[in-house]
Amino acid sequence: MNINESAENYLETILMLSKKLPVVRSVDIANELGFKKSSVSIAMKNLRENHHITVSDAGFIFLTDSGREIAEMIFERHELISNWLMRIGVSKET
């Protein structure tokens, strides 16, 4: 599974948004990350071509099995690191 950091971050963001929203759209990702919609559109095209997401005719974005696997791995990694840092005294806000 060879994927770049940017793609990992997009997949993790889609996973997180899917837990909060009924559906995920490119505009939701752009707003969450503070990116331009055009940048997100290019990233979604790449993720779709690599079979990590599917996009419905209505523009709703869904993780494929491979996309979900990557997103969950990245989320778990971030949670592990965050929890470790908080245990050694770094504030949650930092």
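The model is predicted, so local features need pLDDT of at least 70, side-chain atom pairs count only at pLDDT 80 or more, and totals for chains, interfaces and linings use all residues. Residues are numbered from 1 along each chain as its sequence is written, and side-chain values use heavy atoms, with hydrogens and water left out.

**The nonpolar core**

- In soluble globular proteins, nonpolar side chains tend to be buried together.
- Here the largest nonpolar core has 20 residues.
- A nonpolar core is a set of buried Ala, Val, Leu, Ile, Met, Phe, Trp, Tyr and Cys residues joined through side-chain atoms within 4.5 Å.
- Buried means under 20% relative accessible area, exposed means over 50%, and partly exposed lies in between (1.4 Å probe, protein chains only).
- Leu11, Ile14, Ile29, Met44, Leu47 and Ile53 have the most contacts inside this core.
- At least two core residues come from each of α1 (5-20), α2 (26-33), α3 (37-49), β2 (61-63) and α4 (65-87).
- Helices (H or I, at least four residues) and strands (E, at least two) are DSSP runs, numbered from the N terminus.
- Helix α1 gives the largest share of this core, six residues.
- Isoleucine 53 is in contact with Leu11, Ile14, Met44, Leu47, Arg48, Ile61, Phe62, Leu63 and Thr64, leaving aside its neighbours within four places in sequence.
- Contact means heavy atoms within 4.5 Å.

- Asp28, Ile29 and Ala30 are buried in α2.
- The buried residues of α2 pack against α1, α3 and β2.
- Glycine 34 follows α2 and has a positive phi, near 75°.
- Threonine 13 sits in helix α1.
- Threonine 13 has a relative accessible area of 9%, so this residue is buried.
- Beyond its neighbours within four places in sequence, threonine 13 is in contact with Ile29, Glu32 and Leu33.
- A polar atom of the threonine 13 side chain lies 2.8 Å from the backbone oxygen of asparagine 9.

- Histidine 51 is in the loop between α3 and β1 (53-55).
- Its relative accessibility is 60%, so histidine 51 counts as exposed.
- Not counting residues up to four places away in sequence, histidine 51 touches Thr64 and Ser66.
- Histidine 51 and glycine 67 are 16 residues apart along the chain, and their C-alpha atoms are separated by 7.5 Å.
- Threonine 64 lies in the loop between β2 and α4.
- Threonine 64 counts as buried because its relative accessibility is 17%.
- Its contacts are His51, His52, Ile53 and Thr54, leaving aside neighbours within four places in sequence.

**The surface and helix α4**

- Leu80, Ile81, Trp84, Leu85 and Ile88 form a nonpolar patch on the surface.
- Together they have about 500 Å² of accessible area, a value from the Shrake-Rupley method with a 1.4 Å probe, where for residues only the protein chains shown count as cover.
- In patches, like charges are joined within 9 Å and nonpolar side chains (Val, Leu, Ile, Met, Phe, Trp, Tyr) within 5 Å.
- Isoleucine 88 is found in the segment after α4.
- With a relative accessible area of 53%, isoleucine 88 is exposed.
- Glutamate 76 is in helix α4.
- Glutamate 76 is exposed, at 54% relative accessible area.
- Glutamate 76 and isoleucine 42 are 34 residues apart in sequence and 26 Å apart in space, C-alpha to C-alpha.

How values were computed: Patches are made of residues with over 30% relative accessible area and no salt bridge: like charges are joined within 9 Å, nonpolar side chains (Val, Leu, Ile, Met, Phe, Trp, Tyr) within 5 Å. A salt bridge is a side-chain nitrogen of Lys or Arg within 4 Å of a carboxyl oxygen of Asp or Glu. A polar contact is a pair of N or O atoms within 3.5 Å; within protein, one must be able to donate a hydrogen and the other to accept it, and residues adjacent in sequence count only if both atoms are side-chain atoms.
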